[in-house]
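Subject: Structure for your review

Dear colleague,

Please find the structure below, followed by a short account of what was found in it.

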Amino acid sequence: MQAAPQVPDPLRISSALSPALFALGDPDRFVELLNSNPAGVVLVDAGPELTIVYCNDAFRRWAPPGRRPVVGRPLPELFAWSDRAAIRASYREAVRTGQPVHWRSASYHARSGAGSAGRLAHWNVSHYPLSGPAGRVTHVLTFTVDVPDEAAVRARMRKAQQRVLDGLGDVARHLSDHGDLTAFFGELSRALTDLVPAARAAFWLHDPAAETISPQAGAAGFTAEQLDRLCGVPCPSGGQGVAERIVFHDLVVRDHVGVGAGDATSYRAALRAVGVTDTISMPWRVGDRRLGVVGVYDSTRPAGFSEEDAWVLQAAVTAAALVWEHRQADAAVAELREREAATLRQRIEQSTKLEQLKTDFLKLASHELRGPLAVVRGYISMMEDGTLAPVGEHVGPVLPLLRAKLDEMDRLINEMLETARLDDSALQLQLARLDLREVVHEAVRSLEPLAGARHRLVTETPGAPVEVRGDHSRLSMIVTNLVHNALKYSPAGGEVRVSCRSADGGAEVAVTDEGIGIAAADRDRLFTRFGRIATPDTVGIAGTGLGLYLSRNLARRHGGDVDVESEPGRGSTFTLSLPLAR
Ligand code: ADP
């Protein structure tokens with residue numbers, strides 16, 4: 001073995017690098033550092049010859065054969081003629097300015113033999129001028145790294161990345177299959193042993209309360225008994241042991257676990273106790289959360305773990321952290337969904353119950369009201385035909401209004417009953433061929449007493465029958481409801497036009513008023529059960545919000561529909577459309 005090259009004095013006394021030298025405290029250590037440096041290091045005299053005073057092994061290996069010994073020779077002589085001017089110029093600049101000169105990807109001809117210019121190569125060069133006691137630059141220290149070497153490093157990294165990508169494809173595929181945590185970590189640590197490659201791997205979880213780390217169950221290559229023994233390795237947040245530095249200070253360890261006695265409770269000692277010989281161990285983090293340590297143990301390669309293995313592990317651990325986070329997020333989303341679904345189920349149950357209650361109420365109320373109403377109706381009939389003693393002159397004129405009000409109550413009760421039937425799916429249509437004109441006339445006639453002086457009720461029907469197949473009482477309920485609404489919602493009066501016609505294979509009854517109208521945003525709500533629109537215009541107008549709901553549903557049962565066109569403040573047109581009878 002060759003003796004370490006001597007470093008000349010100027011380097012030891014005063015130089016731009018002296019702070020580093022003093023920091024190291026030991027000039028021999030500095031020499032050792034220079035010698036073991038993979039970069040070429042060469043020290044030249046600052047004189048015009050640029051004589052080489054010192055060079056390290058890496059530079060010596062680079063120098064062309066036949067030019068040895070290198071020390072004592074002018075540096076430019078090692079290079080092809082064509083490169084020498086540029087080399088001299090760069091040194092001159094460093095000597096003149098006393099400042100470091102960095103030269104990226106400088107080209108030079110790598111020489112194969114004396115005098116012959118070889119292939120073109122590139123290197124990164126840094127010149128550090130060193131000053132003597134008089135402040136004059138006496139030497140220049142140069143570091144060189146061949147650029148092709150950088151490319152080789154990149155190629156190695158690319159290869160390592162490919163290893164990671166290939167391996168991770170597998171990891172991801174396996175991980176998605178596994179539900180429980182032990183299986184998850186089992187797959188993950190097995191995947192790491194394949195990737196790095198190693199005989200064993202483990203994820204260690206940090207327990208902040210106990211200030212310890214313990215390997216997760218399922219770690220690859222360890223027996224359950226070994227994992228038990230590894231549990232509870234001390235890891236206090238202020239500690240200086242390996243475990244603490246990995247967990248809290250992102251230390252990456254690639255070394256032999258060794259045979260020394262050490263602290264029996266330390267990470268290394270614990271591993272040694274279960275027969276581990278070497279490791280790469282690094283922090284296991286998810287974002288800012290420090291979860292613990294990831295370690296691979298016992299390289300299966302004779303040369304042990306390499307630097308690439310550390311890169312591969314780093315990438316795999318980053319990916320594993322992402323998978324872990326994803327898994328946690330999935331679990332959280334699933335839990336959230338389950339909670340939302342439960343709330344929704346509860347709401348649906350509540351609202352179903354409420355709907356049922358409303359239906360029950362409608363049934364009950366309408367049945368209960370029917371009896372007393374029949375009695376009142378009986379009395380009014382008797383008053384009308386004089387069976388119930390002669391009515392006074394004051395009562396006589398109001399009898400038609402009483403009857404109209406009675407009819408209104410009747411309609412209301414019928415609406416309630418029909419709605420309850422519709423909701424219970426108990427509604428049966430009694431279909432027959434009928435003339436829609438008659439339905440219109442009847443409805444208008446029954447409502448005339450309610451029209452009052454301010455309204456003009458106009459009916460428009462064609463000369464020929466408008467024949468549909470329908471349930472007479474239900475169709476009449478629809479038309480009555482539309483006309484009644486037209487009167488109710490035009491409190492200032494005006495014309496209410498009810499027109500019936502057949503068009504395009506269909507029949508239509510359109511009820512147009514000049515009332516308060518409906519805003520576009522409210523139109524969908526009109527047709528819902530109990531859907532009423534509260535505006536200053538509708539205050540004081542009584543109603544249940546059942547009429548249009550029922551009308552549309554009944555029309556649809558007939559294969560038709562009820563629609564609305566309206567302009568707030570100008571009036572509305574509600575149209576019942578039905579298929580014509582064939
Ligand atoms: P209601 O018993 O409240 O009249 P409806 O189902 O018949 O119930 O009508 C629902 C809502 O539609 C009413 O509360 C009212 O706001 C609106 N509406 C119905 N017809 C008209 C109309 N011709 N003009 C303006 N608004 C109307």
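A salt bridge is counted here when a side-chain nitrogen of Lys or Arg lies within 4 Å of a carboxyl oxygen of Asp or Glu. Please note that this is a predicted model, in which local features need pLDDT of at least 70 and side-chain atom pairs count only at pLDDT 80 or more, while totals for chains, interfaces and linings use all residues. Residues are numbered from 1 along each chain as its sequence is written, and side-chain values use heavy atoms, without hydrogens and water.

**Salt bridges**

In the whole structure, 25 salt bridges are found. One of them joins Lys405 to Glu408, with the closest N and O atoms 3.6 Å apart. Both residues belong to helix 12 (residues 399-423) and are three residues apart, about one turn of the helix. Helices (H or I, at least four residues) and strands (E, at least two) are DSSP runs, numbered from the N terminus.

A second salt bridge links Arg290 and Asp250, whose closest N and O atoms are 3.0 Å apart. This pair connects distant parts of the chain, since Arg290 is in strand 11 and Asp250 in the loop between helix 9 and strand 9, 40 residues apart. Arg290 is partly exposed at 31% relative accessibility, and Asp250 is partly exposed at 33%.

Glu495 and Arg456 also meet in a salt bridge (3.6 Å, N to O). Glu495 lies in strand 15 (residues 494-503) and Arg456 in strand 13 (residues 455-460), so the pair ties together parts that are 39 residues apart in sequence. Glu495 counts as buried at 17% relative accessibility, whereas Arg456 is partly exposed at 48%.

Six strands form an open antiparallel sheet in the order 8-7-6-11-10-9; two strands pair if DSSP finds at least two bridges between them. Strand 8 (233-234) and strand 9 (253-256) are at the edges with a single partner strand each, so one side of each has no neighbour in the sheet. Strand 6 (residues 198-207) is joined to strand 7 (residues 212-215) by four bridges, and Leu205 stands opposite Ser214 in strand 7.

Yours sincerely

Note on methods: Buried means under 20% relative accessible area, exposed over 50%, partly exposed in between (1.4 Å probe, protein chains only).
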